[in-house]
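Hi everyone, thanks for coming. Let me put the chain up on the screen, and then we can walk through it together.

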Amino acid sequence: MKNSKIPIGTSTALARRRAVDRLARWVITGGGIAIILCIAAILVFISLEAWPLLRGARGGLTNRIDVAGMLDSAGAAPPSLSPVVAVGIEDYREIAYFITEDGAVFFVSLENMEVIGEHRIAGIGGERISAVGASIDNRRYVIGTEDGTVLPLKVVFEQSFEEGDRRVLTPKVREGTPFSLARSPITQVRHHDDEDGGSMTAALTGDGRLFLMTRSVEETLFGEGKVTEVRQDLTGLLEGLAPTVIALDVHRRNLFVAVEGGRIAHLQVGGGSDPRVISVVDATSGPEVDVTALGFLVGGRSLAVGDASGKVSV
């Protein structure tokens, strides 16, 4: 029997095919391993991000600011600094600001802890601030004074760039139009407005009364805006229950009022109808535990409730 021989060209093609097969095998194997490693890395990343959610919330003091000493060194502090009634910080966390009881707004650089600006609130006419309400983003505020005046204001930071693309933030305070809501000191105040000029303000006073001011703007046939303001005393709707804390939703439809005995009254205040009580629910562990704080979470749909025992529920 004669020995069969493989042609040289065929042998070379087979060798090349085997080399390609080996390379393809390594590429497929390496690609599969890379995909598995990527999936594992994603799972590890998700686990690391989700792990803090499974643990209890923690908080701690990171810095302490001596407001009186800082203002005194800058020559901006009065002989006796008024108590701070509100604080805030801008989005880049470069500038903090605080509002004092006598109507001053101080801006502080967090880089060197120096005062970089001051604004005196003119709209309150020298009256002392007795209540402050803030929006979730800490940009819109409403101020209530001891003579029953209410003043909306905004804290804005104008952004510009110098040579070398260095960002410069210029803080400014824009005051709204003040109006009288009560004849006694305001102890709690909440306010929401819109771009069309409409607004709603709810306030508690020192004598235990609940007031609501609604401002609407309607366009007439001549293109002019007709302003309507309605001031209402809602104290009677609570049927003798003493109000302590209030929360007004951003849509200006629902007003929540914490009353004595650890309960919360839900009032419907929007929709074109007269305000009315929808429900009164128990919000704490017992009537001896009062509600001490109310506020909406981001989105304005969930109401957070804090009580005298230190508990927070949603």
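Predicted model: local features only at pLDDT ≥ 70, side-chain atom pairs only at ≥ 80, totals over all residues.

Residues are numbered from 1 along each chain as its sequence is written, and side-chain values use heavy atoms, with hydrogens and water left out.

So, the chain has 2 helices and 20 strands; these are DSSP runs, H or I of at least four residues for helices and E of at least two for strands, numbered from the N terminus. Its radius of gyration is 31 Å, well over the 20 Å that the globule rule gives for 314 residues, so the chain is more spread out than a compact globule. That radius is taken over C-alpha atoms, and the rule is 2.2 Å times the number of residues to the power 0.38. Along the principal axes, the C-alpha atoms fill a box of roughly 125 × 55 × 55 Å. Buried residues, meaning under 20% relative accessible area with a 1.4 Å probe and protein chains only, make up 32% of the 314.

Now the sheet. Three strands form an open, antiparallel sheet in the order β18-β19-β20. β18 (291–296) and β20 (312–313) are at the edges with a single partner strand each, so one side of each has no neighbour in the sheet. Pairing requires at least two DSSP bridges, and β19 (residues 303–307) and β20 have 2. Val305 has Ser313 in β20 as its bridge partner.

Key:
Buried < 20%, exposed > 50% of the residue type's maximum accessible area, 1.4 Å probe, protein only.
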